[in-house]
Amino acid sequence: MFGLEALDLARIQFAFTISFHILFPAITIGLASYLAVLEGLWLKTRNDTYRDLYHFWSKIFAVNFGMGVVSGLVMAYQFGTNWSRFSDFAGAVTGPLLTYEVLTAFFLEAGFLGVMLFGWNKVGRGLHFFSTVMVAIGTLISTFWILASNSWMQTPQGFEIVNGQVIPTDWLAIIFNPSFPYRLMHMATAAFVATAFFVGSSAAWHLLRGKDNPAIRTMLSMAMWMALIVAPIQAVIGDFHGLNTLKHQPAKIAAIEGHWENHGDEATPLILFGWPDMKEEKTKFAVEIPYLGSLILTHSLDKQVPALKEFPPEDRPNSTIVFWSFRIMVGLGFLMIFTGLWSLWLRKRDSLYTSRPFLYLALWMGPSGLIAILAGWFTTEIGRQPWVVYGLMRTADASSNHSFMQMSITLIMFVVVYFALFGAGLGYMMRLVRKGPKISEGTETPDGGPGKKRTPARPLSAADDSADADHCDDDIRVTKEI
């Protein structure tokens, strides 16, 4: 079918499941830290706005966290079902790294998540804040181990091969492999940026519909400050990451640039747009800027970038895909920087919350961070091909011995179940976003508590409270939960 083989379907299935999964941890990482900041600001200022925002975003965090855990379990099982040869070859490295994630991040989150979500009126302020911070740290520790494992597959070191299997010889070298620091910073920063635009888009949606209150304004203000500061930092990190990739994976850079051959001693131009043709070995309709490729990728005006024709055809990544996925990521990155700068200009003119053109831009930029993350991961993973462990094991040698029919059935099942299950979850989460934060009535009860006027700490509730219910004990309120 369509010229695909069982290996192709296994790759599509893995790409499909990881594309769903990566969205949830990205928002989880950003929201966990955002919640810690909100609670810290509330403890410091006793401003009810921060507390109301905390309760609002904790609901969305809870739904997102649950979907992230479920989708992550599927990812782990696929290593054994569809990629058993890879697990047999490199399991001595990847297995312990994923186990370290469970022993550190998952245990830390499991120990404090319940207190964070349900302990607002049951534990002291300090303990609750400490729990929120621990959950935030747990998400970053999880990122650490996942990126250590993936980075080792990109730039493997600290091992030897015995009887066709990778045997660890230096765990520090394995964990802190050459590409790991750049990938870790790039992914963590991407999560913060994606969350900032998600939060900012939510605020813009409410402002455009006339719901203007201190909580909504605070959401937009904090999100735009984050975009203004972190988006340019992400661009700098991306530059360092590119230099590292050029050093260790030059074929990937050549594919990203759609650069097929060098001419004499000429500097490498930057191809802004074009269509890399893998069969004809050239980039059609190329729009080039002389010297700029060398300047960006080597920080000089005379050094050349390796070209795809310098590598055997069987070792070349698919330039057609990574050329465009990279440009989608970079293009969205520039839009994020522009949005942050525009917000600063409007802030100085005291029109940040009233400029409808800007609010529409902020609204439509909501999914930009997540789309950029997906585009970046496609660039990273497809650019590593044809290797599953770079330079050591080809993807064609890593898959399990499944038939085309078996892979077709399981892929169809994944698509149906994922769209039904996670589609419902995402719909519920968007329902929570559309409700917006509930504003406390008065400030005479800053600590809230049963029977008092406050934003209820029910992390999975999407039901409105009636006027009479505000005076009832939380334990007898009717809630709608997943």
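Which residues lie nearest the centre of the second largest pocket? The legends below take up this pocket first, as seen in a predicted model.

**View 1. Lining of the second largest pocket.** His186, Gly238, Phe326, Met329 and Val330 lie nearest the centre of this pocket, which is lined by 44 residues. Two or more lining residues come from each of helix H4 (125-154), helix H6 (180-208), helix H7, helix H8 (250-257), strand E3 (270-277), helix H9 (292-298), helix H10 (319-348) and helix H12 (368-384). The most is given by H10, with 10 residues. The volume of the second largest pocket is about 1200 Å³. Its lining comprises 26 nonpolar, 13 polar and 5 charged residues.

**View 2. Salt bridge between arginine 327 and glutamate 257.** The two side chains meet at 3.8 Å, N to O. Because arginine 327 belongs to helix H10 and glutamate 257 to helix H8, the pair ties together parts that are 70 residues apart in sequence. The model has a count of 11 salt bridges.

**View 3. Packing of helix H2 (residues 48-81) with helix H7 (residues 214-248).** The helices pack at an angle of about 75°, and their axes are 9 Å apart. Angles of 65 to 115 degrees count as roughly perpendicular, and H2 and H7 are therefore roughly perpendicular to each other.

**View 4. Residues in the contact of H2 with H7.** On the H2 side, Thr49, Tyr50, Leu53, Phe56 and Trp57 take part; they meet Pro214, Ala215, Thr218, Met219 and Met222 of H7. By class, this contact has 8 nonpolar and 2 polar residues, with no charged residues.

Notes
Residues are numbered from 1 along each chain as its sequence is written. This is a predicted model: local features need pLDDT of at least 70, side-chain atom pairs count only at pLDDT 80 or more; totals for chains, interfaces and linings use all residues. Side-chain values use heavy atoms; hydrogens and water are left out. Axes are lines fitted to C-alpha atoms, for helices over the stretch in contact, and angles run from 0 to 180 degrees between N-to-C directions. Helices (H or I, at least four residues) and strands (E, at least two) are DSSP runs, numbered from the N terminus. Angles under 35 degrees count as roughly parallel, over 145 as roughly antiparallel, 65 to 115 as roughly perpendicular and the rest as oblique. Contact means heavy atoms within 4.5 Å. Ala, Val, Leu, Ile, Met, Phe, Trp, Tyr, Cys and Pro count as nonpolar, Asp, Glu, Lys and Arg as charged, and the others, Gly among them, as polar. On a 1 Å grid over the protein atoms alone, a cavity is a set of points where a 1.4 Å probe fits but cannot get out, and a pocket is an open set with protein on both sides within 12 Å along at least five of seven lines; lining residues have an atom within 4 Å of a point. Grid points are joined across faces, edges and corners, and a volume is the space filled by probe spheres set on the points. A salt bridge is a side-chain nitrogen of Lys or Arg within 4 Å of a carboxyl oxygen of Asp or Glu.
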